[in-house]
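Trainee: Could you go through this model with me before I set anything up?
Mentor: Gladly, let us open it and take your questions in turn.

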Amino acid sequence: MKRNMSAFAFYKTAAKQSEQTQVKKKKRKENGAAPAVTAKKKKMKKGPVDKKMMEQENQERSSDRQQCPSNGTGGVGAEVLHALLTDLTKVNNSRERASRLFQWLICPNQDKTFFRDCWEKKPLLIRRQNPDYYQGLFSTAEFDRILRTDDVQYGVNLDVTSYTNGKRETHNPPGRALPYTVWDFYESGCSLRMLNPQAFSSTVWNVLSILQEKFGSMAGANVYLTPAGTQGFAPHYDDIEAFIVQLEGKKHWRVYNPRSKDEALPLVPSPNFSQAEIGKPILDVVLEAGDLLYLPRGFIHQGDCLPDAHSLHITISSFQRNSWGDLLLKVMPAALEMAMEEDVEFRKGLPIDYLTFMGVQNSDKEDPRRDTFVSHVEGLIKKLMSYAPVDAAVDQKAREFLHDCLPPALSEEEKSSSVYGASARWEDGEAVDVAVRMKGQTKIRLIRAGVARLCSDGEAVHLYYTTENSRVYHKEEPKSIEIKAEHTDAVEFLIHNYPKFVAVASLPCDSAEDKVSLAELLFEKGIIHTSEPLTTK
């Protein structure tokens, strides 16, 4: 952006972008009846576990490792995770908060070396010999509590699955998943997959809402509870970066390289594979509570339980459809539209006889006109780059990200200084403290670094924000407010000054009234909070 150009003037220079409807490909869910067999779970035979594991290859030298949190007795319990999350609320910058939480997740590995050596490249196995390390994140007891107290729906929030004799099945009946039926499925040898634990668990919600700022992409989670001696899913690969966090029990994992370069970093998840299709594993390991296994998208994997232990793990995921190609899918159509409007070369007609020498039926012809035609297309494609609205395309991606995001999980201190802790109430037969207003000296800032973003559609500027999102994926439509032309610089001022608190009077608006009006609007949407709780004094 030019130094002296206002935010609104800058956004107005971008041509109106045609919204491309992106059909998100989701994993197909099978619908089936309850399993006919009610016998106890079958014991599965296991081959020997390969002792030549990849853990040393994937671990950094001891001098390059972080000291993981401890409770002083060698274990890490739920109270330590609670203390960690409490300490993170004291970190002034939410991006720094996200970095610290991610460092805890992959400790003792350094996050810089992880992204350099492993991210999108190879699996990482972290053995801790500390079964309590992730305690407090989620548990079987919490799984049971959720079934008893929340409206968990089969196929929406919970899948019941099995994988026996090479066949993967889903056994979801219709309606609410109640403990009586769910635990009968489990006792019959079925695995239970909770699809969005963040909708029910405040801790999982808190962790994911922090981590999404680390990834700059939606952070999601599934919880998997598997009975001893069973397997719930067929071998497959995913279209997300996966962090498998072992919470309870044990699970035997086999990991396989992508079958070809075409399946590296895939855009969609794979179908179920047979054992014959996937070759030999590159990693054969038993995860125990406190361990972590990172899998880049495209690496085939399957997990089964040993005969003597159940398994509970949570998979934290991110980076679905967040590739350069996904960005270019937005850049190129917009660039072509602009080029055709502004450059006559793109509007000139095709050769009258081009159908006689181009196309598949003519691809084997020796015709100089073909070379000329292809060369001309290449020239236009190169020229197209000069019309590419890269910033506008990035904003389209950002709008999608903000729609995907979880709302921020606020600390008590943040609530008290935001609209969620405002003192307005009903008392003694009347509404009290509803006249609390911003003043020029009131200090404000965004409630999170990534909570809001200015974007333009070429005609107006909107501020998209996450505070009114649901904990259920896409339950709400994208949230935005139109920003007046004279207020865009002030919003940008707030965004760029984070994490500093700035006085309302310092906002670059035309009048004191405009400054207060804008601050009150952002406060009402939960986008900003104040350095001190607002009072009537």
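Trainee: Is Asp 111 buried or exposed?
Mentor: Asp 111 counts as buried, at 13% relative accessibility, where buried means under 20% relative accessible area, exposed over 50% and partly exposed in between, with a 1.4 Å probe and protein chains only. This is a predicted model, in which local features need pLDDT of at least 70 and side-chain atom pairs count only at pLDDT 80 or more, while totals for chains, interfaces and linings use all residues. Residues are numbered from 1 along each chain as its sequence is written, and side-chain values use heavy atoms, with hydrogens and water left out.

Trainee: Which residue forms a salt bridge with Asp 111?
Mentor: Lys 214 does, with the closest N and O atoms 2.6 Å apart; a salt bridge here is a side-chain nitrogen of Lys or Arg within 4 Å of a carboxyl oxygen of Asp or Glu. Asp 111 lies in helix 5 and Lys 214 in helix 8, so the pair ties together parts that are 103 residues apart in sequence. Helices are DSSP runs of H or I with at least four residues, strands are runs of E with at least two, and both are numbered from the N terminus. Lys 214 counts as partly exposed, at 23% relative accessibility.

Trainee: And how many salt bridges are there in the whole structure?
Mentor: A search finds 25. Another of the salt bridges joins Glu 414 and Arg 448, at 2.7 Å between the closest N and O atoms, and both of these residues are buried. Salt bridges that share partners join Arg 97, Glu 414 and Arg 448 into one network.

Trainee: Switching to helix 6, which residues are buried there?
Mentor: In helix 6, residues 140-149, the buried ones are Glu 142, Phe 143, Ile 146 and Leu 147. Seen down the helix axis, they fall within an arc of 145°, so they line one face of helix 6; the arc is taken from the directions from the axis to the C-beta atoms. The face turned away from that side carries the exposed residues Ala 141, Arg 148 and Thr 149.

Trainee: What about Glu 248, which side chain of opposite charge is nearest?
Mentor: That is Lys 251, 12 Å away, and Glu 248 is buried yet has no salt bridge; Lys and Arg count as positive and Asp and Glu as negative, whereas His and the chain ends are not counted.
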